Amino acid sequence: MLLEKILQSQGFGSRKYCQQLIKNGSVQIDNQVCDNPKQNINTDQLVFEVFGEEYQFREHVYIVLNKPQGYECSHQATHHKSVFSLFPEILLHRGIQCVGRLDQDTTGLLLLTDDGQYLQALTHPRKHVPKVYHVTTADPVTAEQQNGLEQGVELRNEKGIYAATDVRLFSEHQIAMTIHQGVYHQVKRMLAAVGNKVEVLHRHQVGLLELPELEEGEWTYLTPSQKQLSQNIALDE
């Protein structure tokens, strides 16, 4: 791939700007200045430097964020900060998008990518990728409520029955529950339907991928094995 196209594909800016970066001697590969925008470079395991900062070539990016409270999953946030403000410009130029959304007051595992096929695979209604939430409730969770969540509830303006699986009681006010759909405010509406209220909501897992050890607001790139787990595909033994 041409060096100018490599830089553009990695989010460094317009083709003209990337050409200028290269001509100015701002790009190095293997400690050698590369000043020819038309130089053909093998992108396999390519590591390069721009202004002395090291980058790895990625055809697509797959990111996991520990989303903090008070952030909207929108580029045009209206009432709160945008989760995209937590990322460098280079990733925004790549056009990363949230894989599904979390409410502004919901914390935890949020995936982002610039790979349309991956996004579609995780969000298409027919895929039913499971998502595990940890829920703190206003009132103690009763056995009747737990059973109601597992048997399924009707939600206003939605068709069908919405049921949770693997509803586990951590304490009288804390449960874990797995959902397989993704309708608007689903967990909150399901708890309301059985007569309780969500006070704190945290997404712990998507597919087989659990939230890595990240502080709130921190993010990292998914490894290939983590990407596989997020798609609910078990790793080979």
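Let's start inside helix H5 (143–151): its buried residues are Gln145, Gly148 and Leu149, where buried means under 20% relative accessible area, exposed over 50%, and partly exposed in between (1.4 Å probe, protein chains only). These three cover an arc of only 100° around the axis, which puts them on the same side of H5. The model you are looking at is predicted, so local features need pLDDT of at least 70 and side-chain atom pairs count only at pLDDT 80 or more, while totals for chains, interfaces and linings use all residues. Residues are numbered from 1 along each chain as its sequence is written, and side-chain values use heavy atoms, with hydrogens and water left out.

**How the chain is divided**

- The domain assignment gives domain 1 (3–56), domain 2 (62–125 + 208–231) and domain 3 (131–206); such bounds come from an automatic or database domain assignment.
- Between the C-alpha centres of domain 1 and domain 3 there are 49 Å.
- An unreviewed UniProt entry annotates residues 1–57 as "domain: RNA-binding S4"; UniProt positions are given in the numbering used here, feature names are shortened, and annotations may be inferred rather than shown by experiment.
- Over residues 1–57, the chain is 28% helix and 23% strand, with its end C-alpha atoms 11 Å apart. Here helices (H or I, at least four residues) and strands (E, at least two) are DSSP runs, numbered from the N terminus.

**Helices H5 and H6**

- On the other side of H5, you will find Ala143, Glu144 and Gln151 exposed.
- Strand S11 (165–171), S12 and H6 are among the elements that cover the buried residues of H5.
- In helix H6 (residues 186–193), the residues Gln186, Val187, Met190 and Leu191 are buried. They cover an arc of only 130° around the axis, which puts them on the same side of H6; the arc is that of the directions from the helix axis to the C-beta atoms.
- A handy rule to remember: an α-helix has 3.6 residues a turn, so residues three or four places apart point the same way.
- The buried residues of H6 pack against strand S10 (131–137), H5, strand S12 (174–179) and strand S13 (198–206).
- Just after H6 comes Gly195, with a positive phi of about 95°.

- Strand S1 (residues 27–29) runs antiparallel to S3, and two bridges join them; two strands pair if DSSP finds at least two bridges between them.
- Val27 has Val50 as its bridge partner in S3.
- S3 also pairs with strand S4 (residues 53–56), in the antiparallel sense over four bridges, and the partner of Val47 in S4 is Gln56.
- S3 and S4 form a hairpin with two residues between them, and Phe51 in the turn has a positive phi of about 55°.

- Thr178 sits in strand S12 and is buried, with a relative accessible area of 7%.
- Not counting residues up to four places away in sequence, Thr178 touches Pro130, Lys131, Val132, Ala163, Ala164, Thr165 and Asp166; contact means heavy atoms within 4.5 Å.
- Gln231 lies in the segment after helix H7 (224–230) and, at 25% relative accessibility, counts as partly exposed.
- Leaving aside neighbours within four places in sequence, Gln231 is in contact with Tyr118, Ala121 and Leu122.
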